[in-house]
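Here are my notes on the model you sent over. Have it open while you go through the points.

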Amino acid sequence: NTLTTPEWIVMSALWGREPQVLGEIIETIGDRVDWSYTTYASYMKILSDKGFVGFTTRGRMKFYYAAVDKETCLRRREHTGKAGRQRRGGAYAVHD
């Protein structure tokens, strides 16, 4: 299982900063993407379903954390030959 470019963006916001609530993840990503709140929530669900993200619940709040470290994700990406592939000029472009 590997990460798509949008999933990399979300994971990059989590690594080293967890746990975070969704609002903090959105703030960390900032203007790198132009997504709605529901798009962010959808990516968190997808990443959780894929096993890349975990969360704990306190009251009504979900606190997200990376369940897979960055080095493991990089190895998986290199192994599958997907390194460097990006969609350019659209909402998924990564702005470093």
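**Notes on the fold**

1. Glycine 54 has tyrosine 65 of S2 as its bridge partner. Strand S1 (residues 53-58) and S2 run antiparallel and are joined by six bridges; strands pair if DSSP finds at least two bridges between them. Strands (E, at least two residues) and helices (H or I, at least four) are DSSP runs, numbered from the N terminus.

2. A word on the source: this is a predicted model, where local features need pLDDT of at least 70, side-chain atom pairs count only at pLDDT 80 or more, and totals for chains, interfaces and linings use all residues. Residues are numbered from 1 along each chain as its sequence is written, and side-chain values use heavy atoms, with hydrogens and water left out.

3. Two residues sit between S1 and S2, and glycine 59 takes a positive phi near 65°.

4. How do H2 and H3 cross? The axes (lines fitted to C-alpha atoms over the stretch in contact, angles from 0 to 180 degrees between N-to-C directions) of H2 (residues 22-29) and H3 (residues 37-49) come within 11 Å and cross at roughly 105°. The two helices are therefore roughly perpendicular, the term for 65 to 115 degrees. Leu22, Ile25, Ile26 and Ile29 of H2 make the contact with Tyr37, Tyr40, Ala41 and Met44 of H3; contact means heavy atoms within 4.5 Å.

5. Isoleucine 25 is worth a click: leaving aside residues up to four places away in sequence, Ile25 touches Val10, Ala13, Leu14, Gln20, Met44 and Tyr64.

Conventions: Angles under 35 degrees count as roughly parallel, over 145 as roughly antiparallel, 65 to 115 as roughly perpendicular and the rest as oblique.
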